[in-house]
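My entries follow the order in which I looked things up.

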Amino acid sequence: MTGKREAERFGRWAERAASVYLALKGYRILARRFRSPAGEIDLVARRGRLVVYVEVKARRGEPAEIPGRQRRRILRAAEHFLKLRPELASCDQRFDAILIRPARLPTHLKDAWRG
């Protein structure tokens, strides 16, 4: 298996793990790998009146930062998501990150950056 294909499998596994983790914390997953012309959001979840846009970072070593350019793409994708789901526009919005590393519990960084 090529390195790129293995990385893709690991990333998909990390997104599934993050989905399960959020579900166990009482979030309902609204979208996985939401794609828009502006960019992609790994997970969109809701708990009560809170909609959370989640970037999943999976690394075998220490997780990397989320660069400003990527944050802006996620913000634009979130705006697109709300246009498709206007009933959520009155909800509070938050941008989180979940760090996934093998043999460790996920790390949930709530309000990882502001939109």
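Entry 1, basis. I worked from a predicted model, in which local features need pLDDT of at least 70 and side-chain atom pairs count only at pLDDT 80 or more, while totals for chains, interfaces and linings use all residues. Residues are numbered from 1 along each chain as its sequence is written, and side-chain values use heavy atoms, with hydrogens and water left out.

I looked up the strands (DSSP runs of E, at least two residues, numbered from the N terminus). I found 5 strands in an open sheet of mixed pairing, ordered β1-β2-β3-β4-β5. The edge strands, each pairing on one side only, are β1 (28-36) and β5. Two strands count as paired if DSSP finds at least two bridges between them.

I noted antiparallel pairing of β1 with β2 (residues 39-47) over 7 bridges. Arg32 has Leu43 in β2 as its bridge partner.

Entry 4, β4. I then asked which strands pair with β4. Strand β3 (residues 50-58) pairs with β4 in the parallel sense over 9 bridges, and Val52 has Arg94 in β4 as its bridge partner. Strand β5 (residues 107-113) pairs with β4 in the antiparallel sense over 4 bridges, with Ile98 opposite His108. I recorded a hairpin of β4 and β5 with 6 residues between them, where Ala103 in the turn has a positive phi of about 65°.
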